[in-house]
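Me: I've just opened this one and could use a hand. Can we go through it together?

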Amino acid sequence: MSDISADQSALVLFSGGQDSATCLAWALRRFARVETVGFSYGQRHLIELASRDALIGGMARLRPEWAARLGERHTLEIPTLAAVSETALTRDIAIEMGEGGLPNTFVPGRNLVFLTFAAALAYRRGIRHIVGGMCETDFSGYPDCRNDTIKALNVALDLGMGRAFELHTPLMWLDKAATWALAEELGGTGLVDLIVEHSHTCYLGERGARHDWGYGCGTCPACSLRARGWRAYAADQRHGMTG
Ligand code: ZN
């Protein structure tokens, strides 16, 4: 039995993407024990889940104190999510804008499901803090990424499980450039390099071409967003160095 209290423990929703990798570093700076949970639901880019080991290993090597804080890695299978979704992530169809201005990569309610499973796991593991990369700044019309949604779900989880969870979304008000800057603040350029090299964002699961912002097809909405954020971050850095 660990002597680290629930209040010093966090569970990070960790997909292996840029956002969740940054969230993992954020949690490693704050909590004495950090566990991760990834979800497998038949998504095309299982490669994103495979990125997790490389990122966790890299962070452990980057900072010895982070290595000491890293705890169990969990993976939960939620194939039902694919069965109820007809989206470009889980079926082999083109990514395009659908009804309501949402791209058809949207899996309805996905983050509600993820956070509810994460809370159930946190309950069993005696963990109070849950950390996710939801963000309403950059992307999304995704309603399940919005701050109000997360706040409401926090209340529902507390009531429904009889606990006082704290849902943390450190990226909620950041754009992608600011997320790169946060990674640098948390773990220096070593962490930025690690996330560029090993995190996976591309919707198509493409890992052939290496761009300055990492691997990906370069043209899907996720790659475009990541590339745009990287260019803004890199430009800020150049100005910072000369100015
Ligand atoms: Zn792509």
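Me: Is Ser-20 buried or exposed?
Reply: Ser-20 is buried, at 6% relative accessibility; buried means under 20% relative accessible area, exposed over 50% and partly exposed in between, with a 1.4 Å probe and protein chains only. Keep in mind that this is a predicted model, where local features need pLDDT of at least 70, side-chain atom pairs count only at pLDDT 80 or more, and totals for chains, interfaces and linings use all residues. Residues are numbered from 1 along each chain as its sequence is written, and side-chain values use heavy atoms, leaving out hydrogens and water.

Me: Which residues does Ser-20 touch?
Reply: Leaving aside residues up to four places away in sequence, Ser-20 touches Val-12, Leu-13, Phe-14 and Ser-15 (contact means heavy atoms within 4.5 Å).

Me: New topic: what coordinates the zinc ion?
Reply: The SG atoms of Cys-202, Cys-217, Cys-220 and Cys-223 do, at 2.3 to 2.4 Å. Donors are N, O and S atoms within 2.8 Å of the metal (3.2 Å for Na, K and Ca), and water is not among the atoms, so sites may look incomplete.

Me: How are those donor residues spaced in sequence?
Reply: The pattern is C-x14-C-x2-C-x2-C.

Me: Are Cys-220 and Cys-223 buried or exposed?
Reply: Cys-220 is buried at 5% relative accessibility, and Cys-223 is buried too, with a relative accessible area of 1%.
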